[in-house]
Amino acid sequence: MKKSAFRPSFPSVIALGLLVSCVLIPRSLSAADRPPNVVVFVVDDLGYMDVGANNPDCFYETPNIDRLSKSGMRFTDGYAANPVCSPTRYSLMTGKYPTRVQATNFFSGRRPATFNPAPLHNNMPLEEVTVAEALKDKGYATFFAGKWHLGETEEFYPQNQGFDVNIGGHSAGGPYTGKRYFAPFENPQIKVESPDGDHLPDRLARETASFIDTNKDQPFFAYLAFYSVHNPMMGRPDLIAKYKEKAKSISGPEFADEEQVFLRGDRKVRILQNKPVYAAMVEAMDEAVGKVLQQLKDSGVEDETIVIFTSDNGGLSTSEGLPTSNLPLRGGKGWVYEGGVREPWIVRYPGVTQAGSESSTPICSIDLFPTLVAAAGGDVDHEIDGVDIRPALEGESLDREALFWHYPHYSNQGGIPGGAIRVGKYKLFERYEDGRVHLYDLEADLGEKNDLSESMPEMVGEMRKKLHDWYQSVDAKFLQPRDGNEPWKPDYQQ
């Protein structure tokens, strides 16, 4: 699976029928002889508790996602590799921890506070083998729609990273041009503008559905990375009105205090789901998911298609409008606590997953690449960090000792620069300003309130050694001095 020295650039097009000429596997092969199609949904900033499948008391209505969960396997302990977007997107594309290339914050987030942040790389290197390139090597037609945020210039955009078609993916981390979530979008990678008032999640879903139908007779990989539910908070008026009425029946405290590091003191965190605009955005995204899933049925390929649904980081709960609550998870986007890294993960793999099944096996965004490559009949011939989760999809365990996180930055949301390791039910959190550690039993204390570090020093020592060994293996960088102040560094860097 080596990347070619010649990398043709395919312009973003709407005429998806042009993809037919790119196909490497003959149309004459029967469905039984072809590798499975793949549809991946990645939602921006969607929290674990923002979908009904994970939260029966969810204020937001997600019937299509919930039906997908009932038709496949829901992971209760699914994670993002980072608490913000670009690093997780890198891990989804490559199967690697973003720390390996210092892609450890959103591109390009450099915020100093007590100390300067760690060095940050702002582009996914072109020499990386992406999941799109790996599947294209196996004869798949490949399609991207939505948010990319993995490079500053066009040479790093999806059409130069293995995708035959790119609808809307460029350098921006949100829909910041034109009328944003409503047309005209003025997105440089949406070459044919929508009519005024068109809604972005629906446009992206229509494009994805069109791609599916055009390529239903051949293996395809469709990656729909919604801009939703990222700021700016904008929803369809009909849905906003619906949730304003629904919110009238919701009562209770809306906010609590959470530690922060910018200005010290406390930062407010939302503890109640009741925001009508955010709810409208979630439901519109769910409708778009439903449109794509319906197209799989209409095109006759539902039983030949792997469907994966996830998010890039936790729900936004501590800044920029505090639109959602992640309770009982602590923190949210920008935090290495569970609220920032535990995500919705739903997988429907026909012939492999059992309808309505559930798994508590920890999985992570680094696992997408090896799982899809294996499903397509390919081999990974270079170093990655993820594992093929197909055993977990069949109810078996995974051959992995630990998961790791590394966030050496001051998040916009007030999050603490830190790292973490999860081994079994235990999670160790290490602060990068001063090196303090905290140990949590996630089975007994999902909200990470009861620090066990003093009562379990041997566990702390073992887990901390594993974490520091991992830092070395991935060449982790840490906070930098500022104004003569020196931050903590692990012992091996002293």
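**View A. Bridge partners G418 and R431 in a predicted model.** G418 has R431 of β15 as its bridge partner. The model shown here is predicted. Strand β14 covers residues 418-423, and strand β15 covers residues 426-431. The two strands run antiparallel. They are joined by 6 bridges.

**View B. The open sheet β13-β14-β15-β16.** This sheet is built from 4 strands, in the order β13-β14-β15-β16. The sheet is open, and its pairing is antiparallel. Strands β13 (403-407) and β16 (437-441) form the edges. Each of these edge strands pairs on one side only. On average, neighbouring strands are turned by 15° against each other, direction ignored.

**View C. Helix α10 on the sheet.** Helix α10 spans residues 457-473 and packs on the sheet. The helix touches β13, β14, β15 and β16. The direction of α10 makes about 65° with that of β15.

**View D. Helices α4 and α6 side by side.** Two packed helices are described by the angle between their axes and the distance between the axes. Helix α4 covers residues 200-214, and helix α6 covers residues 276-298. Their axes come within 9 Å. The crossing angle is roughly 10°. Angles under 35 degrees count as roughly parallel, and α4 and α6 are therefore roughly parallel to each other.

**View E. Residues in the α4-α6 contact.** From α4, the contact is made by P201, D202, A205, R206, T208, A209, I212 and D213. From α6, A284, A288, K291, V292, Q295 and L296 take part. By class, the contact has 8 nonpolar, 2 polar and 4 charged residues.

Note on methods. Residues are numbered from 1 along each chain as its sequence is written. This is a predicted model: local features need pLDDT of at least 70, side-chain atom pairs count only at pLDDT 80 or more; totals for chains, interfaces and linings use all residues. Side-chain values use heavy atoms; hydrogens and water are left out. Axes are lines fitted to C-alpha atoms, for helices over the stretch in contact, and angles run from 0 to 180 degrees between N-to-C directions. Angles under 35 degrees count as roughly parallel, over 145 as roughly antiparallel, 65 to 115 as roughly perpendicular and the rest as oblique. Contact means heavy atoms within 4.5 Å. Ala, Val, Leu, Ile, Met, Phe, Trp, Tyr, Cys and Pro count as nonpolar, Asp, Glu, Lys and Arg as charged, and the others, Gly among them, as polar. Two strands pair if DSSP finds at least two bridges between them.
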